[in-house]
Amino acid sequence: MWLSHLVAVADTLKHPNASHGSEESSNWMLHHISDSRTIDLEPFGHITLPQFPTINVAGIEIDLSITKHVFFMWLVSIILIVVLSLVARSYKRSVVPHGIANLVEVFVVFIRDEIVLSVIGKEGLKYLHYFLTLFFFILLCNLFGLIPYGATATGNLAVTGGLAFLSFILIQLAGIKKHGLIGYYRGLVPHGVPAFVAPVMFIVEFLGLFAKAFALTVRLFANMTAGHIVILSLIGLIFVFKSVLVAPISIAFAIFINLLEILVAFIQAYIFTMLTALFVGLSIHQH
Amino acid sequence: MPELAHLAGGFGAALSVIGAAYGISKLAAATMEASGRQPEVAGEVRTSMIISAALIEGVTLFAEVICIILALK
């Protein structure tokens, strides 16, 4: 059955400029990157995930069926809950960590010292649990996209949009808790600007809040998706040239890009957490 | 005309990569110069370099996403 899949891929690449545009030639790449309602375990068939009818809330159709990315997000959450609570409980027995607690402690201390304490200061420790959750969730979601049969949940605009939305809410709440509702929005405009330029500054800074959240979304989404597209394109080159001699070069490059993607997974998780901490620090220390 | 969209997608991707590569290479050059001049601050400089590189790359990837949408038309 997977042999027929391979033949189908080769067939769709035979006519790259078909009259319908490129839906045929890049179909298989889109299929691997975007969300789907089945989990494909290629030589062994596929699993169809349970689908629910859409719920109508005030005229908006909400579709809560389980898709591939939702399934992988749940998988990541379950692994995080189990592993991290076992690690936390192991600290009751001894202060010295054993086993996987060593690795977790490296990351936790790194986030606490280099990201939260150095950027926000002691007040940031109130929000340390959010930053730790964010970092581990994004890291594990990114890494799951690189294992066989895995899918990148953070390669979905809705997932990264949701994470950026949560960070946006945290930034507002941290600022409002520190300066009060009116004081926070008045403090958006820096001190010492002339009176006629202050309204413009206010509009610019206010839109800047949304622009920061939007940038967080697109940065994580594009980094994850671009890496996968490069890997898939390199492997697709074998079918474009229709010769097996291209395979060693193609596979070597694809392995290199895969290793680079592991680095990018760590860096992107770090950047998302660091930028959220930076914005929270900016909104707390407004003067 | 989907052919024009494909062409535009290719050009857009290449141009945005030129800008990003130029910016990040200037970053890396400054970092290496600073680390060579004062090895004690090499760690902090490297952290700031990674953050700035990720921000520049974020802007580049906006353009890349638009080019992908064009190339898939």
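Welcome to this predicted model. UniProt, in an unreviewed entry, lists residues 196-222 of chain A among the places it marks as "transmembrane region".

**Chain A: layout**
- Chain A holds nine helices and four strands.
- Read from the N terminus, the order of elements is α-α-β-β-β-β-α-α-α-α-α-α-α.
- The C-alpha trace of chain A extends over about 65 × 60 × 45 Å along its principal axes.
- Chain A has 287 residues, and 27% of them count as buried.
- If you take the contacts in chain A between residues at least 6 apart in sequence, 63% join residues at least 24 apart.

**Chain A: annotated spans**
- Residues 100-121 of chain A are 91% helix and 0% strand, and 28 Å separates the end C-alpha atoms.

**The largest nonpolar core**
- This core has 46 residues, and those touching the most other members are A:V76, A:F135, A:I138, A:C141 and A:F272.
- Helices from both chains contribute: α3, α4, α5, α6, α8 and α9 of chain A, along with α2 of chain B, each supply at least two residues.
- Helix α9(A) gives the largest share, eleven residues.
- Leaving aside residues up to four places away in sequence, A:C141 touches A:M73, A:V76, A:T152, A:A153 and A:T154.

**Chain B: helix and annotations**
- For residues 7-70 of chain B, an unreviewed UniProt entry lists "domain: V-ATPase proteolipid subunit C-like".
- That span of chain B is 94% helix and 0% strand, with its end C-alpha atoms 9 Å apart.
- The "transmembrane region" annotation for chain B, also from an unreviewed UniProt entry, covers residues 47-72.
- Residues 47-72 of chain B are 96% helix and 0% strand, and their end C-alpha atoms lie 36 Å apart.
- Helix α2(B) makes a handy length check: at 1.5 Å a residue its 30 residues should span 44 Å, and the end C-alpha atoms are 41 Å apart, which agrees.

**Where the chains meet**
- Chain B brings eleven residues to the contact and chain A brings twelve.
- On the chain B side, the largest share, eight residues, comes from α2(B).
- By type, the chain B side divides into eight nonpolar residues, one polar and two charged.
- Within α2(B), the buried residues are B:A54, B:E57, B:G58, B:T60, B:L61, B:E64, B:C67 and B:I68.
- These buried residues of α2(B) pack against α8 and α9 of chain A, together with α1 of chain B.

**Confidence**
- Chain A has a mean pLDDT of 86, and 91% of its residues reach 70 or more.
- Among the elements of chain A, α5(A) has the highest mean pLDDT, 95, while helix α1 (residues 2-12) has the lowest, 56.
- Over residues 15-24 of chain A the pLDDT is below 50, and this stretch has eight contacts in the model beyond near neighbours in sequence.
- Where pLDDT is low, the predicted coordinates should not be read in detail.

Terms used: Residues are numbered from 1 along each chain as its sequence is written. Chains are lettered from A and ligands numbered from 1 in the order in which they are written. This is a predicted model: local features need pLDDT of at least 70, side-chain atom pairs count only at pLDDT 80 or more; totals for chains, interfaces and linings use all residues. UniProt positions are given in the numbering used here, feature names are shortened, and annotations may be inferred rather than shown by experiment. A nonpolar core is a set of buried Ala, Val, Leu, Ile, Met, Phe, Trp, Tyr and Cys residues joined through C-beta atoms within 7 Å. A residue is buried if 20 or more other C-beta atoms lie within 10 Å of its own, exposed if 12 or fewer, and partly exposed in between; C-beta atoms are placed from the backbone. Two residues are in contact if their C-beta atoms, placed from the backbone, lie within 7 Å. Ala, Val, Leu, Ile, Met, Phe, Trp, Tyr, Cys and Pro count as nonpolar, Asp, Glu, Lys and Arg as charged, and the others, Gly among them, as polar. pLDDT is the predictor's confidence in each residue, from 0 to 100. The expected span of a helix is 1.5 Å times one less than its number of residues.
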